[in-house]
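Subject: Structure handover

Hello,

Here is the structure I said I would pass on. My notes on what was found in it follow below.

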Amino acid sequence: MGLFDRFKKEKAGEKDTPSPPVETDTAGKLLFLREHLEGQELREAVTRRFGPEALGEISQEHPAVTSFLVRLEGVEFWCAHMALPLPPKEGDLPALLARSSFFSQEELEGAAGHRSFLLVVQKEGGRTLEQKRKICCLFTRLCGALLELEGAVAFLNSGVPLLVGRTFFLHHAAILEQNLEDPEYFPAPLWIALSQANNHGHTAIGTDGLSAFGFPELFFLNPREEWPQVYQKLWLMSIFQITGKAVYREGETIAFDPDKPPAVVKRLQERLAIIGG
């Protein structure tokens, strides 16, 4: 049985689905242990990976800010290194660090004591699901190149509560580099946050980030498996939707295991619950 077959849905009348609305802006922040980054090392990080034509002028008009523009496949990314720690309004680092499992101990301590951050922004480029997917992949590749700089310690996704360590990010960025020509691959662990909640004896493990691609968030209600297996399922289901492989809808069933009854998809407010999976 193929990987996708494990997630096969039973449908009552398939209908064409229009392209979903997506969030047009994409942004993230890279945390550094160092307060200052030199313009030359930023230049080398970008041009070594993407060539000299990818980098615009580097501006250091303010002593605490170094800004530059990167163009990849016709898409512009505005970047700015700020020689100060991330302001609290830009992200609750203590809370994010407490709930993240994707850090080494060294990275965890480094992120908590970081001294500067590099902001990467792409404005209004993702107007369709296909465009959004392309921008997120280019964004991942650019941040992967910048995270190779000395002192880089973590990546904070500005759109969702997702903070991951440098090693985790570079691992998935490397997988993306190996699958650039595969239309069915997407680095979901860098764009879809996952979390677990317990309430009145019920356990829910779900996504935060699918709405940026125009889809309802998914969650397993009282899942049969432990959280690592459920995380893998949610990331795969996210990839299937983001790459156009599948769209999950209320009332459908999903056969995760041929030896067990299928799970049922049920809408609960703005999210889709997967019950029995």
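Strand β6 (residues 116–122) has 7 of its 7 residues buried, so it is largely enclosed by the rest of the structure. Please keep in mind that this is a predicted model. The cover is on both faces of β6: Ser-116, Leu-118, Val-120 and Gln-122 are buried on one side, and Phe-117, Leu-119 and Val-121 are buried on the other.

Which strands pair with β6? One is β2, which runs antiparallel to β6 and is joined to it by 7 bridges. Within that pairing, Val-120 of β6 stands opposite Gly-28. Another is β5 (residues 75–82), paired with β6 in the antiparallel sense over 5 bridges. Here Phe-117 of β6 has Met-82 opposite.

Strand β2 also runs antiparallel to β7, with 5 bridges between them. Lys-29 stands opposite Leu-156 of β7 in this case. Strand β7 is mostly covered, with 6 of its 6 residues buried. From β7 the pairing goes on to β8, again antiparallel, through 4 bridges. Leu-156 has Leu-163 as its bridge partner in β8. The two strands β7 and β8 make a hairpin, with 4 residues between them.

**Helix α3**

Which residues of α3 are buried? They are Glu-107, Gly-110 and Ala-111. Around the axis they cover an arc of only 95°, so they are on the same side of α3. These buried residues pack against β2 (26–32), α2, β7 (152–157), β8 (162–165) and α5. The face of α3 turned away from the buried side carries Gln-105, Glu-109 and Ala-112, which are exposed.

In soluble globular proteins, nonpolar side chains tend to be buried together. In this model the largest nonpolar core has 74 residues, and those with the most contacts inside it are Phe-77, Leu-142, Leu-146 and Phe-213. Helix α4 (residues 129–146) gives the most to this core, namely 10 residues. Apart from it there is another core, of 16 residues, which includes Met-82, Leu-96, Leu-97 and Val-121.

What does Leu-142 touch, leaving out residues up to four places away in sequence? The list is Val-46, Phe-50, Val-70, Leu-72, Phe-77, Cys-79 and Val-120.

Phe-186 is in the loop between α5 and β9. With a relative accessibility of 0%, Phe-186 counts as buried. Not counting residues up to four places away in sequence, Phe-186 touches Arg-133, Cys-136, Cys-137, Trp-191, Phe-213, Ile-239, Ile-242 and Thr-243. Phe-186 and His-172 are 14 residues apart along the chain, and their C-alpha atoms are separated by 9.6 Å.

**Aromatic pairs**

A search of the whole structure gives 9 aromatic pairs. One of them is formed by Phe-102 and Trp-235, and it is tilted, with 6.0 Å centre to centre and 45° between the planes. Phe-102 is in the loop between α2 (93–99) and α3 (105–112) while Trp-235 is in helix α6 (residues 227–242), so the pair ties together parts that are 133 residues apart in sequence. Phe-102 is buried, at a relative accessible area of 19%. Trp-235 also counts as buried, at 8% relative accessibility.

For Phe-139 and Trp-191, the ring centres are 5.4 Å apart and the planes are at 75°, so this pair is edge-to-face. Phe-139 belongs to helix α4 and Trp-191 to the loop between α5 (166–178) and β9 (193–199), so the pair ties together parts that are 52 residues apart in sequence. Both Phe-139 and Trp-191 are buried.

Which residues do ring pairs link into a cluster? They are Phe-102, Phe-168, Trp-227, Tyr-231 and Trp-235.

**Charges over rings**

Lys-233 has its charged end over the ring of Phe-256, 4.3 Å from the centre of that ring. Arg-271 lies over the face of Phe-219, with 4.0 Å to the ring centre.

Regards

Definitions and conventions. Residues numbered from 1 in each chain as written. Predicted model: local features only at pLDDT ≥ 70, side-chain atom pairs only at ≥ 80, totals over all residues. Heavy atoms only, no water. Core = buried A, V, L, I, M, F, W, Y, C linked by side-chain atoms within 4.5 Å. Buried < 20%, exposed > 50% of the residue type's maximum accessible area, 1.4 Å probe, protein only. Contact = heavy atoms within 4.5 Å. Phe/Tyr/Trp six-rings, centres within 6.5 Å; stacked < 30°, edge-to-face > 60°. Lys NZ or Arg CZ within 6 Å of the ring centre and 35° of its normal. Arc of directions from axis to C-beta. Pairing = 2+ DSSP bridges.
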